[in-house]
Amino acid sequence: MTDLSHAPARAITLASGRRGPLGAHCVVDGAQAGVNFAVWAPDATRLELCLFDDRGEHEIGRHDLPCCSEGVWHGLLPGAGAGLVYGLRAHGPWAPHQGHRFNPAKLLLDPWAQEVVGSYGRQGPGPADDAALAAELALHPGHTPQAPEQPDPRDNARHALKARVPAPALYAARPPRPRIARDRMVLYEAHIRSLTMRHPAIEPALRGSYAALAHPAMLAHYRELGITTLNLLPVHFRADEAALQLRGLSNHWGYSPIAWLAPETRYWSGRPGTSAAGEFRDMVDTLHAAGIEVVLDVVFNHTAETDASGPTLSLRGLANARYYHLMPGNPAHDQNWTGCGNSVKLAEPRVLELVVGALRHWATHYGIDGFRFDLASTLGRDRHGNFNRDAGFFAALQADPVLSDLKWIAEPWDLGAGGYQLGAFPAGWMEWNDQYRDTMRAWWLRGIGDRGVFAHRLAGSNTQFHHDSRAPTASVNYLAAHDGFTLRDLVSYDHKHNQANGEDNRDGHHHNASWNCGVEGETDSVEVNELRHRLQRALMATLLCSQGTPMLLAGDEIGHSQGGNNNAYCQDNATTWLDWAAADRDLLACTRRLLQLRHRWAALRIGRWLSPAAEADADSASALWLRADGRALTGTDWAGTADRALAVRLDPEAGKGSPALVLVNPEASPRRFVLPAGTWISVFDSDRRDGAPAPDTDSPLTGPIAVAGRSLCILIDSATAAEPHPSPSENTSS
């Protein structure tokens, strides 16, 4: 690249360049060699390209982008190349009442930036010069704090985020995608930093990094546990909210994006000779070589610019009225369907282009296998704010030759009117099933729910998902996720304890369907702790016996507690960091056993809708629902709550393997179950610490058997030929 740092600003003349692709791209065709810049800002009257030194600290040149074609400002900077640091200044009307917030005093980040230079305020927890930090953060809003209707004339360039021109992509041979079949998927939701910060086998210098996630010790854990697919919390470059920074906190979960194509540098180990992007690619390659898929949690519903009082960092300064849904009749304010201050408008074609471009970048450049879309209902809202399952976003994914082959998971709601859309997403989508979560929590922990609702969730939630050729795997079943109590805290707290977040315990879910088993928080009571352990095992067994796609929260398998904090989004500390040294080894062994059983026995992961046993044929999977006395459930048996014990015989399709029998006793006292016809052997008992059945139950069972209170047992019909036991890395899609 030509060194532009000493070239007189007036000596460089930008050529007209091209209006696409958007962003900054190296051009190497002869006389036109340089960097082409293309920025969509259709309401701007002028757009300036500002060049900086390599650290982004000193401005070394400023040039107008000479052409505007169909709303795209573009120009080619001759002699420039990869590594150049730049920002943008947009001129235009300051007219908040019309939705326009142009302010050339604010340097803006290119929305298509693949690498970001600098940071917005502080980048981590700990002491800071509060006055200096407050002064810096105050530079970024486009308006004057004392007079929001007026633009702020102060220049923020020194502290603003900048982009670095990427080098042309060179793709070497890489491990193939694992392509896990839907019926074999086991999701493991994890935060890169929380998962690895306290792992004793990982070198301290690597902990919390992309490299740590693919460390041999972590690979061994994934394999031994039996998960197939890592679902990582957001890794795109973020800008923590000013209010959090001033409290000495950060948006630890990462739901404050500002650069959708750039990896977060806070998860880079900083090793010499590496980069955040390179380390991320190496991480994905290593996981793929081990047979593990990687799904990213992506946040396209809102950005870190928050509401109208928030900072002007990128989209707001370039095309506020186009990028965001604004209030009808009062466009000075944002629609806040996300609860984060703003809502991105994917009904705008150029905004949709950016989102799809970001997804393609993660899929092709980094090899990502799929995406979990945060508050996905917002992505399907039209220009009028109504959710539409035929929205352009859904159509774009289905039509894209790269993205259509990946996995899509929706968080099927947002906070706006009509935002709860469980089961309403198009075919091909999987969806977080919060009704499964709430039903199973209430069933085991609160004694609430009849057999009918329990069976409905166990069998894949057909009311929500049995339409448009969708399979039970469309339901992502979970008991705990990053947002809420951990599994351990579900059985340890009746109430949330979020005081450390600095919001007077007002934040977080108020309804958790949890039970402290008689004592709030940690206790030395042997009786209480035994009950808590038993309930965790029963809940985990229910999850991994249910039809659908199971998702585990990282740490639940080792009994991780957040001290009752059910909204630990800003806790980058021991609250969220998994304490591997204090792992509950029995619970870990129990979870491993359950996943081994699920992988081995097709009856525990049936990927087709169940038919009643009396109606099943050779080509269908079936279920026989029974009372504890062995009689089939009929009529009022389903709705009554006086007796909730039940059993279900699960038969996979013909030739797919042995039937399984699941015995469920949610009550406090033991129950005796009469077994249906079959040669049954016990393979799991949640009453035992590691889930292994009692030693004297390895031969076929005869007569009624006892199931302990608040427990679940799994039996397999040994008369059927044994099934193979594939490892997770062998689970290739059909």
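## The pocket and its lining

Let's start with the residue classes: the lining of the largest pocket is made up of 22 nonpolar, 14 polar and eleven charged residues. Keep in mind as you read that this is a predicted model. The pocket in question has a volume of about 1,200 Å³. Its lining counts 47 residues, and those closest to the centre are Glu241, Thr338, Gly339, Cys340 and Tyr569.

Which elements give two or more residues to this lining? They are helix 1 (130–137), helix 5 (242–246) and helix 10 (434–446). Helix 5 gives the most, with four residues.

## Enclosed space

Turning to cavities, a search of the whole structure finds five of 30 Å³ or more. The largest cavity has a volume of about 190 Å³. Around the largest cavity are 16 lining residues, with Ser194, Leu553, Ala554, Gln562 and Thr576 nearest its centre.

Strand 14 (187–190) and helix 2 (192–196) each supply at least two residues of that lining. By class, the lining of the largest cavity holds eight nonpolar residues, seven polar ones and one charged.

## Salt bridges

The whole structure has 51 salt bridges. One of them joins the side chains of Glu70 and Arg19, at 3.8 Å from N to O. This pair links distant parts of the chain, 51 residues apart: Glu70 belongs to the loop between strand 5 (67–69) and strand 6 (72–78), while Arg19 lies in the segment before strand 1 (23–27). Glu70 counts as exposed because its relative accessibility is 62%, whereas Arg19 is partly exposed at 42%.

Another salt bridge brings together Glu59 and Arg62, at 2.9 Å from N to O. Here Glu59 is partly exposed, with 32% relative accessibility, and Arg62 is partly exposed too, with a relative accessible area of 38%. Glu59 and Arg62 also belong to a network of salt bridges that takes in Arg89 and Asp155.

## Aromatic pairs

A search of the whole structure finds 27 aromatic pairs. Among them is the edge-to-face pair of Phe280 and Trp362, with 5.4 Å from centre to centre and 70° between the planes. The two residues come from distant parts of the chain, 82 residues apart, with Phe280 in helix 6 (residues 276–289) and Trp362 in helix 8 (residues 349–365). Phe280 is buried at 0% relative accessibility, and Trp362 is buried with a relative accessible area of 1%.

Why is the pair of Phe394 and Phe425 edge-to-face? Their ring centres are 5.4 Å apart and the planes stand at 70°, and an angle over 60 degrees counts as edge-to-face. This pair, too, links distant parts of the chain, 31 residues apart: Phe394 is in helix 9 (residues 392–399) and Phe425 in the loop between strand 22 (407–410) and strand 23 (429–432). Phe394 and Phe425 are both buried. They also take part in one aromatic cluster with Phe371, Phe373, Phe387, Phe393, Trp408 and Trp429.

## Charges over rings

In a second case, the charged end of Arg644 sits over the ring of Trp443, 4.3 Å from its centre.

Key: Residues are numbered from 1 along each chain as its sequence is written. This is a predicted model: local features need pLDDT of at least 70, side-chain atom pairs count only at pLDDT 80 or more; totals for chains, interfaces and linings use all residues. Side-chain values use heavy atoms; hydrogens and water are left out. On a 1 Å grid over the protein atoms alone, a cavity is a set of points where a 1.4 Å probe fits but cannot get out, and a pocket is an open set with protein on both sides within 12 Å along at least five of seven lines; lining residues have an atom within 4 Å of a point. Grid points are joined across faces, edges and corners, and a volume is the space filled by probe spheres set on the points. Ala, Val, Leu, Ile, Met, Phe, Trp, Tyr, Cys and Pro count as nonpolar, Asp, Glu, Lys and Arg as charged, and the others, Gly among them, as polar. A salt bridge is a side-chain nitrogen of Lys or Arg within 4 Å of a carboxyl oxygen of Asp or Glu. Buried means under 20% relative accessible area, exposed over 50%, partly exposed in between (1.4 Å probe, protein chains only). Rings of Phe, Tyr and Trp (its six-membered ring) pair if their centres lie within 6.5 Å; planes under 30 degrees apart count as stacked, over 60 as edge-to-face and the rest as tilted. A charge sits over a ring if NZ of Lys or CZ of Arg is within 6 Å of the ring centre and within 35 degrees of the ring normal.
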